[in-house]
Amino acid sequence: EPKLTVVVSLRRSASYPVLATFARETGADLDVRYVERGAEIGEDFDVLWSADPASTFAQAAAGRLARLPDSALRGRPPQLVDPEGLWVGVTADLRVIAYDPSRVDGERVPTHFEELLDPRVAPRVAIAAPASVSTSWHVATLFASKGSQPAAAFFRDLRKAGALFVDDERQVLEALAGDGPPIGVLDGEVAFNARELGRHIVILIPDQDGDGAVLRATTLSLNKKAAARQRALDLVDYLLSPPVGRRLALMSSHIALLADDQPTAGALTLSLIHISEPTRPY
């Protein structure tokens, strides 16, 4: 039987133990290839487990993806299932606001993205530039939910009001930890991992009484020409199972995409937060 080639752009700390358990329990011979988020994927894979939905969309546009079985598409949030069944969300990351509590009064921290535009707040904000992989998804979400003009205006006005735009989220963390702006806009995974490593920051999920949180799904898809097709289908079913969803949520900062009747102690689930509802598909 051919090896099952799995291309992954999630953090190894959460994804590798899950894949290793699948290999041990099923006897599957896995060829796991880790790539950076946003990297070119190519055609040589059976299963794609991506933290960058744009990479999955590119594979779909190239006609390389097979429709997933109905069992994989049921019971998932409709916003995180491809209308044609070519991909499905496994977990999701959040866009968050983080701040240094030693330099910011907690009562004055923005709890909405729009509040970052306040001239008294913006000069104290660091964010990765819109062209970066992390912020580009934030841009896409605003374009889908608010329309092109308001979305473009948000980032333009944020820069004009004095926010610091940097190259990537590593530099946002450096600003929070040093003498730079004490408020940062980050992917939740980056912020929560930094706190686990000892960074003294407070993390907020903004817009919970407004537009809703911005989510970026980790997506799962199947190559139309998968050599180890049955093994690939088995892996898809395994990664979408509730026990694995709970395990992934507990091993990372990602949200478990579980039904309301499948709570997970200690993990953030989709039912616990208010998410943005796009007015049109991406």
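This is a predicted model: local features need pLDDT of at least 70, side-chain atom pairs count only at pLDDT 80 or more; totals for chains, interfaces and linings use all residues.
1. Aromatic pairs. Four aromatic pairs are counted in the model. In one of them, the ring centres of Phe 57 and Trp 87 lie 5.5 Å apart. Their planes meet at 45°, which falls between the limits of 30 degrees for stacked and 60 for edge-to-face, so this pair is classed as tilted.

2. Phe 57 belongs to helix α2, which spans residues 53-61. Trp 87 is found in the loop between α3 (70-73) and β5 (88-99). The two residues are 30 residues apart, and their pairing links distant parts of the chain.

3. A second pair. Phe 154 and Phe 155 have ring centres 5.0 Å apart. Because their planes stand at 85°, and an angle over 60 degrees counts as edge-to-face, the pair is assigned to that class. Phe 154 and Phe 155 are both buried.

4. Cluster and charge over a ring. One aromatic cluster is formed by Phe 57, Trp 87 and Trp 137. Elsewhere in the aromatic set, Arg 159 is placed over the face of Phe 165, and its distance from the ring centre is 4.3 Å.

5. Packing of α1 and α8. Helix α1 (residues 12-26) packs against helix α8 (residues 229-239) at an angle of about 125°. The axes of these two helices are 11 Å apart. The crossing of the two helices is right-handed.

6. Residues at the α1 and α8 contact. On the α1 side, the contact involves Val 18, Leu 19, Thr 21, Phe 22, Glu 25 and Thr 26. These meet Arg 231, Asp 234, Leu 235, Tyr 238 and Leu 239 of α8.

7. Surroundings of α7. Helix α7 covers residues 188-196, and its buried residues are Gly 188, Glu 189, Val 190, Ala 191, Asn 193 and Ala 194. The elements that cover them include β5, α6 (169-177), β8 (183-187) and β9 (202-204). After α7 comes Gly 198, with a positive phi near 110°.

How values were computed:
Residues are numbered from 1 along each chain as its sequence is written. Side-chain values use heavy atoms; hydrogens and water are left out. Rings of Phe, Tyr and Trp (its six-membered ring) pair if their centres lie within 6.5 Å; planes under 30 degrees apart count as stacked, over 60 as edge-to-face and the rest as tilted. Helices (H or I, at least four residues) and strands (E, at least two) are DSSP runs, numbered from the N terminus. Buried means under 20% relative accessible area, exposed over 50%, partly exposed in between (1.4 Å probe, protein chains only). A charge sits over a ring if NZ of Lys or CZ of Arg is within 6 Å of the ring centre and within 35 degrees of the ring normal. Axes are lines fitted to C-alpha atoms, for helices over the stretch in contact, and angles run from 0 to 180 degrees between N-to-C directions. A crossing is left-handed if the near helix is turned anticlockwise from the far one by less than a right angle, and right-handed if clockwise. Contact means heavy atoms within 4.5 Å.
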